[in-house]
Amino acid sequence: METDSSHRTRDDTALVEPPEAFVDISKRNFLRAAGLLVAGSMLPQLCAQQEAASTPGSGHKIIVVIIGGVRRAETFAPQGVQNIPHLTRDLLPDALFFPHARNEGVTAHFNAIASILTGNWQRVDDWGKLAPTTPTLFEQFRKDLGAHRSETWMVASNKALTSQIGASSSAQYGEAYGANVVFPKQLMLMAVEEALRGGRTASMADRAKVQAELESALEGSNYEGLGWNVFDASDQLDPRVQGSIKSAIASFVRNDGPTSGDELTFYMTREIMRKFAPSVLTVAFSDVEAAHFGSFAMHLAGIRTIDRLAWQLWQEVQQNPEYRGKTTMFILPEFGRDPDGSSTNGFFNHRANEESTRDSWMMALGAAVDKPQVIERPIRHVDLCPTFAGLLGCRPIDAQGVRLGEFHA
Amino acid sequence: MPEIPADLPIELQHAIADGLLERLPLTFLPFVQQQLREWDFLFPNEHKSVQRLLLYVASLTPAQSAALFSDVVQLEEKMGVRTWQFSTTEQTIQNSSLLARSPYFQQWRQAVQAVFNAADAYAIRTQPNAAATRNRLVLLDIPGHLPVERATVWDRWQGIGFAQPVRIPDAARTSGSLAFLLLGEPDHDAASSTGVLRASQQHAEAAPAQAWIIDAGDSLAQAALRRLAGSTAKPAPTLLGYKELDAYRQKFSQQMNSMRKDLADADAVYDRLRSVDVRPWCPPEVAEPSVREFVRSLFLSGNGAVIFGNSFVEWGASEALRRARPALLVAQFDVRPRPKPFTGVAVFDNPDQVNPLPSVDDPQGSSLDAQMLALYIWLAATRYEEYQHATVCVCLADSIAEAYVIAPPEFALTRSADPLPLESLRHQLSAWLA
């Protein structure tokens, strides 16, 4: 008897193919399309200068580090801990660790991150053409506590995201209360693209010229092509933001170290922390998504990179007076990845309805952690937004998730 | 009423003319219509599979077929499929996205599975000999330039087979161990010197789709092409070499990039690439329509097949196993370059085009990839009934002169601490296939 007919496996590989499987051969096309989705109004410079004098609400700051799809097998499993030395040795001893943080919604990037940020399982377009349907943490924080836009930032490497991640389609909230959203990796893509188009590929072999190419892409005719949404869209980036980005680019290019998209995301995040010190900062890394191309070695390298960058980010929190002692940092994957032997090609993808894909973990560090411990009780990703909102001092709103009792502002 | 392809089996043509497709749920139509339209590009195994489903449905009364599909139809109602922009003529990215994000998606998959289980059961009742199996071989190679750790290389296989030291003769050191096993020794006419390919060709059920050779580089593919050019043995195997397909891949990418500025959505890209005439880019061994379209489908369905040779091998092998169910599947991995500085973010671009720095091989990373992907090929095989009993899998790790062997009790080879001469392994594998 056949155990797997053509239809059933086609069902796995084509009929229900999630976008990212196709994206690996045409991702940039979609990015270009996504870049056109930026919307907003004016007044960028005014907004940038109206930075809040003090932290609104409880005074607590939240940093959420989301790291793409990684399996337990390659991280918090005996054979995986070698890939995460900083998480296990440097951070875990001080952390509140949940070994089971579950994604019970759509295990695709936009919906996964949107579910974490809204407290409701989101089932919108995987390409980010539609905003989440319920208010994001950014909107709740800004509307409830009157926080300025400069207090809420999303910095993401993940190319499946669009600026729609910054605000929901909820009639009572929406773009007016949305976050600043930047995609550093898109800047890299644009620079590479323009260098190619201009016959300047030699520039990509010379760090000084790479910097010029990146700055040129940043200052190009219309930054909307980057898909960002910063202090309300206009045809020019706010000068202070532009200064921060250039500073980040300089650090990225001149550090003489690794040059992945997540590295650039880290530098931009650090600059934003130093210049704007937002109360709500979400960082989405995605080097691990090299798995979609089938390189297990590059996927593991991505995990090691994120392990180091999460640790460096925590060091920045501890060294930066705007954050030290009043910040809680959460680190979690969006989901796992599919198990070896699945009809969805194992670690390449993240769409199997399996524990390997749904059951992940979460680590929390900082002010809201009373004492380091491991909480075996499974939690859900939708429980996080109510928890974040509670720590920030927002009033609860209806959500599928519930606030986690282990955290105290 | 869709146009009925003239080359469909006559009983299928009659069933369709009698309104068979109207009895299928909406979510079955894209797949079925696409399979019928692309009938000429399907492998014999796929023909059987489509026929099995459709003739089963045709054998039912309207009330019985309504009962068969009732769960699927109810779920479609709950999902609101009729309100979607859902293509019923072909599988689209939009369709997939809509289905996958529905809260009823998993239930829908189970309901679809139940329909196919019923069709399979019907096939067994009506054609009890259809599932007869023959001996099969999955032969994999991590070549010598990809270093592996003897102590850990087989850990991921979790003891499903055993590690067997092999003795590689000088003749195999130049041609490569896999070529030595597959193609034999060209200067020897004795039957004992021929490779497993010849054994598979001599089988009564030999057919092009029954033997596949997939190469992440070009050494095995070139050796096979040379040998086939001087041979009268038929049928020729299906041969896919990543480097042999360079022109196809490059042109394919160029087509993709040229569409970038006109892109409206994912399906626009997909449609264009599905209709691009790829024949001018196909090497002679990929000229056969089903193979040519197999490669197109491979490149379109992602999984890194257009980016990395080793991913091409794994995904190509997995798809060949799923679609063609070959008796012999041979796959060789190779080295890939390291990502160049500042190009990792644009990984699917040609890195040589983006960055003029010379490419640097990544043997360690490639080896790690190959170790995982070799296992994945075997795991892909085990999903199908045909490979669950009379199948031998041998994965060679040349750098440590060792093979990992998974075999049923009937296979003559037993574990030994003494190195097994490669000639003996070749002989035993040939005997198994023949």
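Here we discuss a pair of helices and then a strand with its partners.

Mentor: Happy to! Keep in mind that this is a predicted model.

Trainee: How do the axes of helix α5 and helix α7 of chain B run, roughly parallel or roughly antiparallel?

Mentor: The axes of α5(B), residues 70-79, and α7(B), residues 105-126, come within 9 Å and cross at roughly 160°. Angles over 145 degrees count as roughly antiparallel. Therefore α5(B) is, relative to α7(B), roughly antiparallel.

Trainee: Which residues of α5(B) make the contact with α7(B)?

Mentor: On the α7(B) side, the contact uses B:Gln107, B:Trp108, B:Ala111, B:Val112, B:Ala114 and B:Val115. Taking both helices, the contact residues divide into eight nonpolar, one polar and one charged. From α5(B) come B:Asp71, B:Val72, B:Leu75 and B:Met79.

Trainee: Why is strand β5 of chain A largely enclosed by the rest of the structure?

Mentor: Let's look at its two faces. Side chains in a regular strand alternate between the two faces of the sheet. In β5(A), A:Val280, A:Thr282 and A:Ala284 are buried on one side, and A:Leu281 and A:Val283 are buried on the other. So the strand is largely enclosed because the number of its five residues that are buried is five.

Trainee: Which residue of β5(A) is the bridge partner of A:Val155?

Mentor: Strand β3 of chain A, residues 152-156, runs parallel to β5(A) and is joined to it by five bridges. Strand β1 of chain A also pairs with β5(A) in the parallel sense over five bridges, and there A:Val64 stands opposite A:Thr282. For A:Val155, the partner in β5(A) is A:Val283.

Note on methods: Residues are numbered from 1 along each chain as its sequence is written. Chains are lettered from A and ligands numbered from 1 in the order in which they are written. This is a predicted model: local features need pLDDT of at least 70, side-chain atom pairs count only at pLDDT 80 or more; totals for chains, interfaces and linings use all residues. Axes are lines fitted to C-alpha atoms, for helices over the stretch in contact, and angles run from 0 to 180 degrees between N-to-C directions. Helices (H or I, at least four residues) and strands (E, at least two) are DSSP runs, numbered from the N terminus. Angles under 35 degrees count as roughly parallel, over 145 as roughly antiparallel, 65 to 115 as roughly perpendicular and the rest as oblique. Two residues are in contact if their C-beta atoms, placed from the backbone, lie within 7 Å. Ala, Val, Leu, Ile, Met, Phe, Trp, Tyr, Cys and Pro count as nonpolar, Asp, Glu, Lys and Arg as charged, and the others, Gly among them, as polar. A residue is buried if 20 or more other C-beta atoms lie within 10 Å of its own, exposed if 12 or fewer, and partly exposed in between; C-beta atoms are placed from the backbone. Two strands pair if DSSP finds at least two bridges between them.
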